[in-house]
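Hello,

Here is the structure we talked about. Please open it and keep it beside this note while you read.

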Amino acid sequence: MRALVLGGGGITGIAWELGLLAGLRRHGTDLAKADLIVGTSAGAYVGALLATGVDLDEAVASAARIEIEFTARLDPMLLAQGFMLLNDTSLSPRDIRARLGTLARQAPVGDDTPHVARFAEQLPTHTWPTTPRLIITAVDTTTGDPTAWDASSAVPLPAAVAASCALPGVFPPVRLGEGWYMDGGVNSVTNANLAAGADAVVVLAPSGGMFRASPASEVAELGIDRSLLIAPDEATRAAIGGNILDPRRRGPALAAGAAQAEKVAAAVADVWD
């Protein structure tokens with residue numbers, strides 16, 4: 001079984017991942033042919049596109065049109081509380097996530113309906129794929145527990161992706177069943193543990209593991225010999241800039257991903273093929 005893990009990293013992360021994936025396909029390795037795709041936050045959106053059969057060239061073209069609407073009611077004090085929580089070493093990771101979930105539900109960022117609708121509009125297919133298996137990650141805002149949905153879950157695909165992208169204090173948590181869910185990246189940048197048991201795994205991590213386990217440590221814990229972590233190189237970091245939610249950086253991040261693909265193509269082929 002070959003697994004592709006797509007990590008979180010904002011709107012620039014979406015663009016970089018799509019540019020990288022399209023570039024790798026041009027160099028002979030199509031990671032969309034994975035048996036398992038794990039998507040977190042930005043990676044949830046990219047993973048949903050790949051797993052539902054959207055052509056990479058079409059996905060790249062759509063990346064330039066991705067729009068994320070921000071509320072004008074962001075609360076700086078609430079965001080500051082969130083950063084304080086993340087630095088609180090007296091709390092367990094689960095307690096930190098639960099408290100962040102409380103802040104997410106209190107944040108004056110509007111209703112989740114428009115947030116989910118935006119993803120429903122962006123995703124051409126709303127049916128969960130069975131092949132490849134697609135896993136979308138999120139975090140329960142009440143318990144702080146990580147959640148993973150796939151085709152067997154009674155959760156609409158656009159809502160699952162929207163929940164995985166619901167950054168606390170920036171976007172509203174998403175109501176699914178009796179619970180409210182927030183960004184899967186609150187637990188882990190990649191949630192690479194969900195690829196355990198794979199014979200080969202490639203992990204794309206647009207952002208690092210600040211306040212959480214690093215993507216490198218998560219890949220190492222998998223203990224899979226045929227494994228590769230790809231993170232932004234120096235040129236990509238410059239293209240992304242300091243704000244991963246800046247839509248003006250979509251084009252540069254996309255181009256940087258395509259350029260980086262040429263540099264890593266041989267290493268990816270060694271692991272994948």
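How many of the residues of H7 are buried? The answer is 8 of 8, so H7 is mostly covered. Those residues are Leu157, Pro158, Ala159, Ala160, Val161, Ala162, Ala163 and Ser164. Before you go further, note that this is a predicted model.

**Helix H6**

H6 runs from residue 112 to residue 122. Its buried residues are Asp112, His115, Val116, Arg118 and Phe119. They span an arc of only 150° around the axis, so they sit on the same side of H6. Thr113 and Glu121 are on the other side, and both are exposed.

What do the buried residues of H6 pack against? Two of the partners are helices: H2 (42–51) and H7 (157–164). The other partners are strands E5 (174–176) and E6 (179–183).

**Helices H1 and H2**

H2 has another partner to look at. H1 covers residues 10–26. The axes of H1 and H2 come within 8 Å. They cross at roughly 40°, and the crossing is right-handed.

Which residues of H1 and H2 meet? From H1 come Gly10, Gly13, Ile14, Glu17, Leu18 and Leu21. From H2 come Ala42, Gly43, Tyr45, Val46 and Leu50. By class, this contact has 7 nonpolar, 3 polar and 1 charged residues.

**Aromatic pairs**

A search of the whole structure gives 2 aromatic pairs.

Tyr45 and Phe119 form an edge-to-face pair. Their centres are 6.3 Å apart, with 65° between the planes. Tyr45 belongs to H2 and Phe119 to H6, so this pair ties together parts that are 74 residues apart in sequence. Tyr45 is buried, and Phe119 is buried too.

Trp149 is in strand E4 (residues 146–149) and Tyr181 in strand E6. The pair links distant parts of the chain, 32 residues apart. Trp149 has 7% relative accessibility, so it counts as buried. Tyr181 has 13%, so Tyr181 counts as buried as well. The cut-off for buried is under 20%.

**Backbone points to check**

Most residues other than glycine have a negative phi, and most peptide bonds are trans.

- Ser41 has a phi near 55°, a positive value in a residue other than glycine. Ser41 lies in the loop between strand E2 (36–39) and H2. Its relative accessibility is 10%, so Ser41 counts as buried.
- Asn191 has a phi near 50°, again positive in a residue other than glycine. Asn191 is in the loop between E6 and strand E7 (200–204). At 5% relative accessibility, Asn191 counts as buried.
- Thr131 and Pro132 are joined by a cis peptide bond, with omega about 0°. Pro132 is in the loop between H6 and strand E3 (133–140).

**Two single residues**

Is Gln260 buried or exposed? Its relative accessibility is 3%, so Gln260 counts as buried. Gln260 is in helix H10 (residues 250–272). Not counting residues up to four places away in sequence, Gln260 touches Trp16, Leu20, Ile230, Ala231, Pro232, Asp233 and Thr236.

Arg2 is in strand E1 (residues 2–6). Its relative accessible area is 23%, so Arg2 is partly exposed. Which residues is Arg2 in contact with, leaving aside neighbours within four places in sequence? They are Lys33, Ala34, Asp35, Leu36, Ala200, Trp272 and Asp273. The C-alpha atoms of Arg2 and Leu86 are separated by 33 Å. Along the chain, Arg2 and Leu86 are 84 residues apart.

Best wishes

Definitions and conventions:
Residues are numbered from 1 along each chain as its sequence is written. This is a predicted model: local features need pLDDT of at least 70, side-chain atom pairs count only at pLDDT 80 or more; totals for chains, interfaces and linings use all residues. Side-chain values use heavy atoms; hydrogens and water are left out. Buried means under 20% relative accessible area, exposed over 50%, partly exposed in between (1.4 Å probe, protein chains only). Helices (H or I, at least four residues) and strands (E, at least two) are DSSP runs, numbered from the N terminus. The arc is that of the directions from the helix axis to the C-beta atoms. Contact means heavy atoms within 4.5 Å. Axes are lines fitted to C-alpha atoms, for helices over the stretch in contact, and angles run from 0 to 180 degrees between N-to-C directions. A crossing is left-handed if the near helix is turned anticlockwise from the far one by less than a right angle, and right-handed if clockwise. Ala, Val, Leu, Ile, Met, Phe, Trp, Tyr, Cys and Pro count as nonpolar, Asp, Glu, Lys and Arg as charged, and the others, Gly among them, as polar. Rings of Phe, Tyr and Trp (its six-membered ring) pair if their centres lie within 6.5 Å; planes under 30 degrees apart count as stacked, over 60 as edge-to-face and the rest as tilted.
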